[in-house]
Amino acid sequence: MKDCSDGRPAPAVQTDPVNRRHAAVEREVEGAGVPWTAVRARGLASSLLGWAPEIRRHGTVRDAFPRASRALLDERDAAEVAVRALIGDGHDGARHVLSGPRPLTTEEQAAIIGRAVGRPIRLLVPSRGEVIEEMASEGWERAAAEQMLDAYARMSEAPGAVTDTVERVTGSPARSLDQWARYHADDFR
């Protein structure tokens with residue numbers, strides 16, 4: 001079992017409910033006795049499409065962690081790595097951990113989308129309590145919501161991790177968030 005980002009196995013202990021679920025699925029696949037390859041994105045830029053309705057209506061983004069930093073991955077890069085892993089040789093037992101080319105804070109992400117759509121995006125910062133209430137209204141268990149917010153708080157303390165896996169697998173560097181935002185600009189207009 002190799003992790004293509006740095007040669008080490010993925011951590012056995014995950015600190016948030018989403019990554020715990022992903023790790024559990026990976027363990028099941030690994031234990032199934034068939035060849036496998038894991039392709040894991042550290043964070044997908046497409047998650048920012050959740051901001052689109054608010055940006056279209058009000059020109060705002062609500063996020064409790066403006067300094068949280070992630071190296072978001074363009075979904076086209078994830079797809080290219082997945083295709084190569086499916087049809088190419090040398091990927092059995094590999095854990096391809098993917099990221100975008102550089103970590104960007106939530107503030108920077110909103111500014112990049114603003115440039116792509118040609119208008120400034122204002123960042124509104126709700127309280128932790130407000131976010132937990134919103135998540136609970138969407139069906140999140142409070143404990144899981146707390147754990148997710150704790151994970152985002154940790155992202156505010158250190159830059160998001162970057163891997164070169166996209167370039168090593170595809171031969172091309174990962175697309176920037178600027179490229180992603182220009183490609184998706186109409187989604188935010």
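This is a predicted model: local features need pLDDT of at least 70, side-chain atom pairs count only at pLDDT 80 or more; totals for chains, interfaces and linings use all residues.

User: How many salt bridges does a search of the whole structure find?

Analyst: Side chains of opposite charge can pair when their charged atoms come close. The criterion applied here is a side-chain nitrogen of Lys or Arg within 4 Å of a carboxyl oxygen of Asp or Glu. With that criterion, a search of the whole structure returns a total of 14.

User: Which residue forms a salt bridge with E134, and how many residues apart are the two?

Analyst: The closest N and O atoms of E134 and its partner R62 are 2.8 Å apart. E134 belongs to helix α5 (residues 128-137), whereas R62 belongs to strand β3 (residues 60-62), and the pair thus links distant parts of the chain. The partner asked for is R62, and the separation is 72 residues.

User: Are E134 and R62 buried or exposed, or in between?

Analyst: Buried means under 20% relative accessible area and exposed means over 50%, with partly exposed in between. The relative accessibility is 34% for E134 and 33% for R62. Because these values fall between the two cut-offs, E134 and R62 both count as partly exposed.

User: What parts of the chain does the salt bridge of D77 and R175 tie together, and how many residues apart are they in sequence?

Analyst: The side chains of D77 and R175 meet with an N to O distance of 2.6 Å. D77 lies in helix α3 (residues 75-87), while R175 lies in the loop between α7 (165-170) and α8 (177-183), so the bridge ties together parts whose separation in sequence is 98 residues.

User: Is D77 buried or exposed?

Analyst: The cut-off for a buried residue is a relative accessible area under 20%. D77 has a relative accessibility of 3%, and therefore D77 counts as buried.

User: What is the N to O distance between R168 and D164, and how accessible are these residues?

Analyst: R168 has a relative accessible area of 45% and D164 has a relative accessibility of 41%, so that each is classed as partly exposed. Their side chains meet in a salt bridge, for which the N to O distance is 2.7 Å.

User: Which residues are linked with E26 in a network of salt bridges?

Analyst: Here the salt bridges join up into a network that includes E26. The residues linked with E26 in this network are E30, R40 and R95.

Key: Residues are numbered from 1 along each chain as its sequence is written. Side-chain values use heavy atoms; hydrogens and water are left out. Helices (H or I, at least four residues) and strands (E, at least two) are DSSP runs, numbered from the N terminus. Buried means under 20% relative accessible area, exposed over 50%, partly exposed in between (1.4 Å probe, protein chains only).
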